Amino acid sequence: FLKIDMKVTNLFKIEKIPFILLIFFPISIIIGQAAISINYFLLAICFFFFLGNNEFKLLLKKYFFFILPFFLIIIFSSLFNQDKYSLHNLDKSFFYLKNFFLFFVLIFILKNEYYRKIFYYVILCCCIFVAADNFIQFFFGVDIFGYEKAKYRLTGPFGDNEYVSGSYLAKLSILISPLLLIKKNFSKNYYFYFFIFFIFCSIILTGERASTLIFSIGIIFFYYLLDRKLKKIFILFSLFAFILITLVTFNKTVKYKFLQTSYQVGLLKYFGNKITVSEKDYPDFENRNFFDSNHGAHFLTAYEIWKKNKLIGVGLKNFSKECKNDDYKNINSLSFDKRCSSHPHNFYLELLSEFGLTGFILFFLIILKIYNIYQMSLFKENIFLKASLCQLVTVLWPITSTGSIISNFNGSFIWINLALFVLICEYGYKNE
């Protein structure tokens, strides 16, 4: 009985609390904003708790001055612009240190490989659950929680009007794909192939075009790093293309999203005459380009905002206020009247417009530091590090529309992936 009691006591040691919070993090993203915010807050408390730990102090000493300046410019930019914009976002700006805390707590806790393995399996289970729920919603009209699908989009378990299930899968699934590689002969890893195509089809069905693109890029890159044979890469690419073409041909929803994307980015003019395209649905498609789309208008507006506020931008979440200025009506876009949004829908343009060249450079210095860590790593051939590298590429891919770099949802993906990448570079991961 004494031994059992000791095990129970050990299970509930206070050191285990941050680990429990971390393994709950992928789940909290699915639950919603409130759950993520609470988790962030509790992890911030853990950060301060660990300040008395010598190992944690060494970790801080190694990365503190590379990471903190970026978060400080978020606060400083808001302070600098407080006279121009309302103050209600100023107090919130301090909360955006949350990802600073997450970065260090994640590395410190998950350097324990047993904890890391559990964290990876939790992500794997979450990805399978989200992908399966997407299929259920697609075929039955409602998911297991009763959320109904929209006309051309799926929400999965994320709730009404939350079109992020594809993004969730695209930004986490590659990371844990090595767990499916159970045979030394790469070509015979059927579980891996089934998982990849299961996730790929689920993302396509969500109607999230950017997620489909970045997942395809990431997984093909990962496949290349594992088996550098161009013939097999071509086969994988062809299979992806075949699935996409089949769905476009036989599914009205996927076909609509494909044509809509082609129309928005200005590609429909190259094949619109070869298929049946309604001029009513796609007016003047032969003369449109990407900047005539809503996202294109956001991009142009963000660039113009940066030109007027080059050094430190307009401040946290102030893109949505500045874009209403009549000065930006003259952007070269047919969608100039739809130029406003909560953010510019591109990480890098968001950095430039809201935090200026200073914020952009500071974030770029973090990436350079992490690249240097990768170059010095002894684990470059580790399959988990290769997967982490490919996942990081998909998260930071610049030429696409994205969520906000500082939001609870999209921001968490960036810093979780950055932290895991640094973690594996430093400590490796056993190939079992």
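Is T400 buried or exposed, and what is its relative accessible area?

Modeller: Before looking at this residue, please keep in mind that the model is predicted. T400 is buried, because its relative accessible area is 12%, and the cut-off for that word is a value under 20%. As for its place in the chain, T400 belongs to the loop that runs between α16, residues 383-396, and α17. If we set aside the neighbours within four places in sequence, the residues in contact with T400 are A210, L213, I214, F299, H345 and N346.

On the α4 side the contact is made by K62, Y63, I67, F70 and F71, while α17 contributes W415, V422 and E426. Sorted by class, the residues of this contact are six nonpolar and two charged, with no polar residue.

Helix α4, which spans residues 54-80, also has a crossing with helix α6, residues 98-110. Here the axes come within 10 Å and the angle is roughly 150 degrees, so α4 and α6 are again described as roughly antiparallel to each other. This crossing, too, is right-handed. From α4 the residues E55, F56, L59, L60, Y63, F64, I67, L68 and F71 take part, and they meet N99, F100, F103, F104, V105, I107 and F108 of α6. By class, the contact of α4 with α6 has 14 nonpolar residues, one polar residue and one charged residue.

I367 lies in helix α15, residues 347-376, and counts as partly exposed at 25% relative accessibility. Not counting residues up to four places away in sequence, I367 touches L396 and L418. The C-alpha atoms of I367 and L418 are separated by 8.7 Å, although the two residues are 51 residues apart along the chain. The other residue is K252 in helix α12, which covers residues 252-264. K252 is exposed, with a relative accessible area of 75%, whereas T400 is buried. K252 and Y152 are 100 residues apart in sequence, yet their C-alpha atoms are 9.0 Å apart in space.

The secondary structure comes to 17 helices and zero strands. Of the 432 residues in the chain, 55% are buried, and T400 is one of the buried residues. Among the contacts with a separation of 6 or more, 71% are between residues 24 or more positions apart. The accessible surface of the chain is about 21,200 Å², and carbon and sulfur atoms account for 66% of that surface.

Terms used. Residues numbered from 1 in each chain as written. Predicted model: local features only at pLDDT ≥ 70, side-chain atom pairs only at ≥ 80, totals over all residues. Heavy atoms only, no water. Helix = DSSP H or I, 4+ residues; strand = E, 2+ residues; numbered from the N terminus. Buried < 20%, exposed > 50% of the residue type's maximum accessible area, 1.4 Å probe, protein only. Contact = heavy atoms within 4.5 Å. Areas by Shrake-Rupley, 256 points an atom, 1.4 Å probe, with all protein chains shown as cover. Axes fitted to C-alpha atoms, helices over the stretch in contact; angles between N-to-C directions. Parallel < 35°, antiparallel > 145°, perpendicular 65-115°, else oblique. Left-handed = near helix turned anticlockwise from the far one by under 90°. Nonpolar A, V, L, I, M, F, W, Y, C, P; charged D, E, K, R; others polar.
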